[in-house]
Number of protein chains: 2
Amino acid sequence: MRGEKYTGDVGETQNKCGKQRFLDFLGGKRLRLTAQRRAIVETVFSTTQHFTADQLLAWARKRDRSVSRATVYRTLPLLTESGLVREMDFGKGQTYYDPNYADHPNHSHLICEDCEKIVEFESEKIARLETEIGQKLGFSVTRQRLQITGSCDELKKRGTCKNLDPRSANSAALHEPR
Amino acid sequence: MRGEKYTGDVGETQNKCGKQRFLDFLGGKRLRLTAQRRAIVETVFSTTQHFTADQLLAWARKRDRSVSRATVYRTLPLLTESGLVREMDFGKGQTYYDPNYADHPNHSHLICEDCEKIVEFESEKIARLETEIGQKLGFSVTRQRLQITGSCDELKKRGTCKNLDPRSANSAALHEPR
DNA sequence: CTGCATGCAAAGACTTTGCAAGAGA
DNA sequence: TCTCTTGCAAAGTCTTTGCATGCAG
């Protein structure tokens with residue numbers, strides 16, 4: 001595979017720096033590091049899964065029962081503002097958040113319309129084309145958002161889809177992070 | 001400009017077929033052509049602008065006062081199901097709809113973060129790369145959704161942005177369609 | 001200490017839906 | 001006529017916010 005440098009889970013090790021970078025972000029804005037914020041941030045950067053506000057609340061509460069829904073909703077904008085997490089719209093009516101922008105600031109999503117699984121990937125070639133198109137239209141590209149939707153070839157041929165395999169990461173099936 | 005075949009307004013003439021194609025879609029599903037649906041559909045396909053449910057309601061009511069909010073919300077899914085209109089998320093909290101998929105089924109959006117204007121474009125090269133990436137990951141690409149965000153070069157150099165010019169079409173500033 | 005942050009509950013924004021009346025085909 | 005559609009208003013879902021209390025720096 002050439003051009004696509006990254007697919008799937010990046011593991012927890014790399015993501016650790018996401019947490020630290022967010023703490024630095026907070027410090028830079030003279031914002032306080034409260035127990036609740038710590039619980040939320042640790043939750044977010046200990047997973048590579050996409051999540052909703054509701055899921056984040058449930059997960060963060062396991063670390064600190066005192067985390068409230070309001071604080072989750074107040075922290076989410078900080079996370080997106082830091083650039084380490086980004087809002088995603090899967091047309092499901094609620095906003096999903098992707099914590100993988102800390103390690104992969106320019107990745108894209110391929111969504112399987114059969115099993116709803118999501119594969120993350122990066123493409124240098126597409127990034128270059130985007131910059132080029134932006135230039136031609138008179139803009140300096142600052143970021144991009146690409147979702148490719150497709151159907152699973154394996155499912156079509158074999159009647160089952162390997163993405164249903166729980167080992168595949170970054171799926172839309174949102175389990176609990178540890 | 002090569003690769004990008006289309007930018008900006010496509011005019012009303014081409015869009016007329018959007019309406020007819022939707023009426024055919026209704027007929028194919030044995031759905032009735034009511035006065036309210038007609039007003040909504042004529043509104044949608046007489047503009048190239050992106051709109052919200054609320055705006056569509058206001059506009060459609062000018063053609064037929066009897067159009068209700070409920071009918072707008074019930075018709076929107078039919079429009080998206082037909083493939084002639086697509087939901088768009090600009091992170092504004094509400095869903096926007098783009099009626100330009102009838103004429104340009106695979107176009108993308110460039111969004112200016114300075115003036116919020118939106119330029120539509122098509123790129124054959126990117127489309128090919130997407131298909132290629134999909135294949136490598138084991139999927140048959142059925143559709144894509146690409147948003148490029150950038151800052152306006154002109155604004156940076158001259159202190160003003162030509163996209164503020166009302167002549168530029170498909171802008172985020174949603175005026176009334178005729 | 002001082003002011004930012006929090007939890008709670010109420011409010012808000014947008015969208016969906018049950019139901020009786022209305023109207024295409 | 002026979003259903004599919006509609007308008008209305010109530011309900012639903014997700015998110016934001018006012019306020020008194022709490023706590024980090």
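**Entry 1: the interface**

I began with the area buried between chain B and chain A, which comes to about 3,500 Å², with carbon and sulfur atoms giving 62% of it. Buried area here is the accessible area (1.4 Å probe) that two parts lose on being put together, summed over both. On the chain B side, I133(B), L137(B) and F139(B) lose the most area to chain A, together 18% of what that side buries.

A note to myself on the source: this is a predicted model, where local features need pLDDT of at least 70 and side-chain atom pairs count only at pLDDT 80 or more, while totals for chains, interfaces and linings use all residues. Residues are numbered from 1 along each chain as its sequence is written, chains are lettered from A and ligands numbered from 1 in the order in which they are written, and side-chain values use heavy atoms, with hydrogens and water left out.

Next I looked up the contacts, meaning heavy atoms within 4.5 Å. I found 39 residues of chain B in contact with 38 residues of chain A.

I looked at one pair between the chains, K125(A) with E132(B), whose side chains meet at 3.8 Å, N to O.

I also looked up polar contacts (a pair of N or O atoms within 3.5 Å; within protein, one must be able to donate a hydrogen and the other to accept it, and residues adjacent in sequence count only if both atoms are side-chain atoms). Between chain B and chain A, 18 residue pairs are in polar contact, both residues at pLDDT 80 or more.

Which elements of chain B give two or more residues to the side that touches chain A? They are strand 4 (108-112), strand 5 (118-121), helix 5 (124-137), strand 6 (139-152) and helix 6 (153-158). Helices (H or I, at least four residues) and strands (E, at least two) are DSSP runs, numbered from the N terminus. Strand 6 of chain B gives the largest share of that side, 14 residues.

**Entry 2: strand 6 meets strand 6**

Strand 6 (residues 139-152) of chain A pairs with strand 6 of chain B in the antiparallel sense over 13 bridges; two strands pair if DSSP finds at least two bridges between them. S151(A) stands opposite S140(B), and V141(A) has G150(B) as its bridge partner.

Within chain B, strand 6 also runs parallel to strand 4, joined by 4 bridges. There, L110(B) has I148(B) as its bridge partner.

**Entry 3: symmetry**

I superposed the copies by least squares on the C-alpha atoms of residues with pLDDT of at least 70 in both. A rotation of 180 degrees with 0.0 Å of shift along its axis puts chain B on chain A (RMSD 0.0 Å). That is the relation of a two-fold axis. The residue of chain B that comes closest to the rotation axis is L146(B), at 2.2 Å (C-alpha). The same surface serves both copies, as 97% of the contact residues of chain B recur in chain A.

**Entry 4: inside chain A**

E116(A) and K92(A) make one of 2.8 Å, N to O. This pair links distant parts of the chain, 24 residues apart.

Last, I checked an open sheet of chain A: 3 strands in the order 1-3-2, with antiparallel pairing. Strand 1 (51-52) and strand 2 stand at the edges with a single partner strand each, so one side of each is left without a neighbour in the sheet.

Conventions. A salt bridge is a side-chain nitrogen of Lys or Arg within 4 Å of a carboxyl oxygen of Asp or Glu.
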